[in-house]
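Have the viewer open while you read.

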Amino acid sequence: MDAFEKVRTKLETQPQEEYEIINAEVKHGGFVYYQEGCCLVRSKDEEADNDNYEVLFNLEELKLDQPFIDCIRVAPDEKYVAAKIRTEDSEASTCIVVKLSDQPVMEASFPNVSSFEWVKDEEEEDVLFYTFQRNLRCHDVYRATFGDNKRNERFYTEKDPSYFVFLYLTKDSRFLTINIMNKTTSEVWLIDGLSPWDPPVLIQKRIHGVLYYVEHRDDELYILTNVGEPTEFKLMRTAADTPAIMNWDLFFTMKRNTKVVDLDMFKDHCVLFLKHSNLLYVNVIGLADDSVRSLKLPPWACGFIMDTNSDPKNCPFQLCSPIRPPKYYTYKFAEGKLFEETGHEDPITKTSRVLRLEAKSRDGKSVPMTIFHKTDSEDLQKKPLLVHVYGAYGMDLKMNFRPERRVLVDDGWILAYCHVRGGGELGLQWHADGRLTKKLNGLADLEACIKTLHGQGFSQPSLTTLTAFSAGGVLVGALCNSNPELLRAVTLEAPFLDVLNTMMDTTLPLTLEELEEWGNPSSDEKHKNYIKRYCPYQNIKPQHYPSIHITAYENDERVPLKGIVSYTEKLKEAIMEHAKDSGEGYQAPNVVLDIQPGGNHVIEDSHKKITAQIKFLYEELGLDSTSVFENLKKYLKF
């Protein structure tokens, strides 16, 4: 936790509204490596909270627009440091390698690097392994050395275009894992950290529908996998020299409706970070005696933030929610207790409430919701409501702290997060029940959630708004077609709205990779007809729609601008046609398409975007936005 001492000091001594986002920061040996201004720097650990640091590299030398460090890796003996550098307007990245000496110098740079890790070989030489990404696809693995013995070679290429490759170094640095996976299937190869030039060893050949991830401790592999029944994640283990699936022994099983968020391995303990029935837990497993200690975390917490940690005695992490900044917790193995950060207590804990409710979907399935509102709010039926949804790829709905969400709650809004099928909040089956030919389950869940909220006295249709980004746009766009009367206004960011045409275009970078999620309408008539039933673009018709604000990015490779523009034009035509048939007094909804420059997919912290979306919602609902923007200035520098 020493690496984050500077952050903690600020959180304890400053008012909570002075929230800031901290860039990548890594502790290695006696130094902390981080970004200071436009430079990669390091300082001695005990001096990390002052301005006594050494500049290693000036990012301005790369001639990028507002570059920032996304990830840092330090070579084992600290001869080199590698850093991945990006800009906010692009997903492209550059990996630089800096030689650490009295006068640090950039030794090399590699474009389009996705993941990277250091390993030391038998000759005590540092070897950098990295993956190369082209057109959002990551199929090639390289290894490079520097100094007098420079070399750079590709040694693995994945031939199946639907798979993605990434690297992970086990916690004890004993093995580098090459992870090859798509949405439902994975395969892992091991590179021996003691002899990285030897050929990699296959753990288990890919089996369709089987996912697995690998950690290592004391010559044993700990494997998080969904193999066997039920098809949810479970922890298995096997000897490192007999890694094949027939040797895996069941070690620990999860409860039903459990999402495994992360796993951390220590000398004598394995720590599982879990979400069970929409609440957070930490399970600490003693590896010497197989004991299990399950800790239920505070009910306000909605998400984990994992810390890089080299202390074998403690397991630090942070908890957060959409309206509360991260707070530090540490589990100390010796005491067997969880310790909470002391200091400034956020006033939001007393001024707001968090509720966990369920809605009954059309088929009787219970759909969890998380709701926030002010404690002293009266007559909630007359309060504005902002509903959030995602429901794709088995990913959880984002519930990290967002200053603008905090401001909305302070201004009397109700926030509702709907954890519909297709997401991952209740485990792998929750995802399976909302993909391919079950995608309409997510739409039914969203409809049920909003109707349940209204039925239980949370707002009303004329004050209800809905927001989503990327693939969440599918469910939002579908609801606008099927039940527009439930909503007053919608905000979308980089939304996926033309599913059918996109999935039939195999020249797009992600089409083949995403067949497991949406289906293959080019070769499967059943998939094609099913997509037609919910695709937002395909189902636009002349009717009344809620007002819609769309933020799109000019060079977005994940969700092409062409599909968003086509959707917007078709929607406007349908609205105009409906207006002609509705008479003179009809108030047509507003449709705003805000095209931002750049090639990133979603720019979460764009002040311009945040301001535009909030302004749109307040105007559509006829609310006074003076106080909300004054409060927002406490968090964001305009």
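Predicted model: local features only at pLDDT ≥ 70, side-chain atom pairs only at ≥ 80, totals over all residues.

1. Lys-79 is partly exposed, at a relative accessible area of 42%. The side chain of Lys-79 makes a salt bridge with that of Asp-77, at 3.6 Å from N to O.

2. Asp-77, Lys-79, Lys-120 and Glu-124 are tied together in a network of salt bridges. Across the whole structure, the search turns up 34 salt bridges, so please take the ones in this note as examples, in keeping with the rule of a Lys or Arg side-chain nitrogen within 4 Å of an Asp or Glu carboxyl oxygen.

3. Strand β9 covers residues 113-120, and strand β10 covers residues 126-134. The two run antiparallel and are joined by 6 bridges. How many of the residues of β9 are buried? The count is 7 of 8, which leaves the strand mostly covered.

4. Between these strands sit 5 residues, and in this hairpin Glu-124 takes a positive phi near 65°. Glu-124 is also a member of the salt-bridge network with Asp-77, Lys-79 and Lys-120.

5. Another salt bridge to check is Arg-154 with Asp-140, where the side chains meet at 3.9 Å, N to O. This pair links distant parts of the chain, 14 residues apart: Arg-154 is in strand β12 (residues 151-157) and Asp-140 in strand β11 (residues 137-145).

6. Lys-382 counts as exposed at 60% relative accessibility, whereas Asp-379 is partly exposed at 42%.

7. A word on backbone geometry. Most residues other than glycine have a negative phi, and most peptide bonds are trans. With that in mind, Ser-277 has a positive phi near 50°. Ser-277 sits in the loop between β22 (269-276) and β23 (279-286), and counts as partly exposed at 39% relative accessibility.

8. Ser-459 is no glycine either, yet its phi is positive, at about 65°. You'll find Ser-459 in the loop between α5 (439-455) and β33 (464-469). Is this serine buried or exposed? Ser-459 is buried, with a relative accessible area of 1%.

9. For the peptide bond itself, go to Glu-229 and Pro-230, which are joined in cis with omega at about -5°. Pro-230 lies in the loop between β18 (220-225) and β19 (234-239).

10. Last stop, the surface. Glu-569, Glu-573, Glu-577 and Asp-581 gather there in a patch of negative charge. Glu-569 belongs to helix α10, residues 561-580. Glu-569 is partly exposed, with a relative accessible area of 48%, so it clears the 30% cut-off for patch members.

How values were computed
Residues numbered from 1 in each chain as written. Heavy atoms only, no water. Patch = residues over 30% accessible without salt bridge, like charges linked within 9 Å, V, L, I, M, F, W, Y side chains within 5 Å. Areas by Shrake-Rupley, 256 points an atom, 1.4 Å probe, with all protein chains shown as cover. Lys, Arg positive; Asp, Glu negative; His and termini not counted. Charge placed at Lys NZ, Arg CZ, Asp CG, Glu CD. Helix = DSSP H or I, 4+ residues; strand = E, 2+ residues; numbered from the N terminus. Buried < 20%, exposed > 50% of the residue type's maximum accessible area, 1.4 Å probe, protein only. Pairing = 2+ DSSP bridges.
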